[in-house]
Amino acid sequence: MPSPLISAIELDQLRASGKQHVVVIDCSFDLTNPAAGREMYQQDHVPGAFYLHLDNELSGPKTGANGRHPLPDADLFVTRLRALGVNDDTLIVAYDAQGSMYAARLWWLARWVGHGAVAVLDGGKAAWLAAGLPLEAGATPDPETGGNLTRRAPLVRTVDASALLENLGQPALLVVDARAADRFRGENETLDPVGGHIPGAANRFFKDNLAADGRFKPADQLRAEFGQVFGGKAAEDTVMQCGSGVTACHNLLAMEVAGLADAALYPGSWSEWCADPKRPVATGSAT
C-alpha cells in the first residue's frame with residue numbers, strides 16, 4: 001500500500017519531473033477566525049497551490065442538527081476539484097499550517113468521491129520551508145481548462161448517528177474520539193453547547209499522531225499506539241469521530257500510514273450527536 005504522505009522534497013521533485021500531473025491544495029484554517037486561512041494563503045503558499053476553505057468548500061450547509069462541518073454535496077465537491085484542473089490521473093496533494101488537521105479532511109473527501117490518488121504533505125508548510133523550498137504570495141488563478149475528474153464509488157466508509165445509537169447496547173464497534181482529553185471528559189468545552197462524549201468511546205487525541213517536528217510518527221509506532229486504544233478490536237471495527245468530523249480524518253490518515261485500513265468515519269461527530277438531547281452523553285475518562 002503506497003503511503004498517503006509525501007515529503008516536501010518528494011513533492012518538489014515530482015512536480016519538476018513532470019512524470020505526473022499534480023494539483024497542490026492549501027487547506028489552512030482557523031476555527032476561531034474563518035477568514036484567517038485564506039489570508040495566510042494569500043500571504044504565502046507553496047508555488048502554484050490553490051486554496052479550499054473548510055466551511056465553504058470542504059463542508060456542506062448546516063441545519064443545526066447535522067454538526068458544525070457536515071459533508072459537502074459530493075457532486076459539488078467533484079465539480080470544485082475539476083475547476084482546479086483535477087483529472088482522473090491527477091495526484092492531489094493537500095497541506096496546511098496546522099499539523100495537517102485540515103489537509104486530512106481533504107485527503108478523506110477525495111477518497112470519499114472515489115479518487116485514490118491523494119496525499120498529504122507531511123509536516124505541511126513548515127516542512128516545505130524547512131526543506132529550503134520557496135513560497136509565493138497572492139492567489140493562484142483557476143486553470144482556464146477544467147479537469148475531467150470522474151466521481152466514483154467511495155473508497156472510505158461512514159457510519160451515522162442511528163447506527164451508533166444501536167451500537168450502544170451491544171458494542172460491536174469501538175468509537176474513537178479525536179478531541180483533546182479535556183473536551184472528551186466534558187471539560188473546557190468552547191465549541192459545542194454540550195460537553196462530554198459518546199458513551200463507550202475511547203480517546204485518541206489527533207495531535208498524538210505527530211512527532212515533535214510536526215511530521216507523522218513512524219508507521220510501526222502509530223500501529224502500536226492505535227493498538228493500545230483499540231484494545232483488541234480490528235481497525236475495520238472502529239469508528240473515528242471528533243468535534244465535527246474534521247480531526248477524526250487525521251486519525252484515519254494516521255491509521256492508513258500505520259497500515260490499519262477500513263475504519264469508518266462518523267461525519268457529524270460530537271457536534272451532531274449532542275444536538276439531540278435524546279442521545280446519551282458520558283463525561284469523565286473512558287472506562
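## Residue classes and ground rules

Ala, Val, Leu, Ile, Met, Phe, Trp, Tyr, Cys and Pro count as nonpolar, Asp, Glu, Lys and Arg as charged, and the others, Gly among them, as polar. The model here is predicted, with local features needing pLDDT of at least 70 and side-chain atom pairs pLDDT 80 or more, while totals for chains, interfaces and linings use all residues. Numbering runs from 1 along each chain as its sequence is written, and side-chain values use heavy atoms, with hydrogens and water left out.

## The largest pocket

A pocket is an open set of points on a 1 Å grid over the protein atoms alone, where a 1.4 Å probe fits, with protein on both sides within 12 Å along at least five of seven lines; lining residues have an atom within 4 Å of a point. The largest pocket holds about 320 Å³ of space. Its lining counts 18 residues, and L31, M101, R183, L191 and T247 sit closest to the centre.

By class, that lining splits into 10 nonpolar, 4 polar and 4 charged residues. Domain 1 (5–131) and domain 2 (157–275) each put in at least three residues; the bounds come from an automatic or database domain assignment.

## The second largest pocket

Here there's about 220 Å³ of space. Of the 14 lining residues, P2, S3, P4, G116 and V118 are closest to the centre. The lining has 10 nonpolar, 2 polar and 2 charged residues.

Note on methods. Grid points are joined across faces, edges and corners, and a volume is the space filled by probe spheres set on the points.
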